[in-house]
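New page in the notebook.

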Amino acid sequence: VEEDFSESTSLAGASVRLVGNGKRFLAEPEDVNGDGRLDLMCQILTDDLNLEVGDSVVVLEAQTFDGTMITGSDFIRIVPD
């Protein structure tokens, strides 16, 4: 079920990673914050993020199971290598 959601999910333009033959998303339901509700933990490649030094906000975009587009954002600080 989470694969349908993972397909539409991106963080700063980076998609959820695929494994194996490219048909399985690296995403698993897990209660990360202990609130009793499952969260969708997605793995992405940091090299795929469309972020630059000086960016201060990252945006997550996804589509819910009923087709509703959702967007979330948070503040970030990029530390150069």
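Predicted model: local features only at pLDDT ≥ 70, side-chain atom pairs only at ≥ 80, totals over all residues.

I started with I70, and I70 turns out to be partly exposed, with a relative accessible area of 34%. Why "partly exposed"? Because 34% falls between the cut-offs, under 20% for buried and over 50% for exposed.

Next I looked up where I70 sits: strand 8, which covers residues 69-75. I also checked I70 against E7, which is 63 residues away along the chain. Their C-alpha atoms are separated by 14 Å.

Then I zoomed out to the fold. How many helices and strands are there? I found one helix and eight strands in the protein. Reading from the N terminus, I get the order α-β-β-β-β-β-β-β-β, with I70 in strand 8.

On to the overall dimensions. I noted a box of roughly 35 × 35 × 25 Å for the C-alpha atoms, taken along the principal axes. The protein has 81 residues, and 15% of them are buried.

The accessible surface comes to about 6100 Å², and carbon and sulfur atoms account for 49% of that.

For contacts, I took pairs of residues at least 6 apart in sequence. Of these contacts, 44% join residues at least 24 apart.

Last entry: charges. I have 5 positive and 17 negative ones written down for the protein.

Key:
Residues numbered from 1 in each chain as written. Heavy atoms only, no water. Helix = DSSP H or I, 4+ residues; strand = E, 2+ residues; numbered from the N terminus. Buried < 20%, exposed > 50% of the residue type's maximum accessible area, 1.4 Å probe, protein only. Contact = heavy atoms within 4.5 Å. Areas by Shrake-Rupley, 256 points an atom, 1.4 Å probe, with all protein chains shown as cover. Lys, Arg positive; Asp, Glu negative; His and termini not counted. Charge placed at Lys NZ, Arg CZ, Asp CG, Glu CD.
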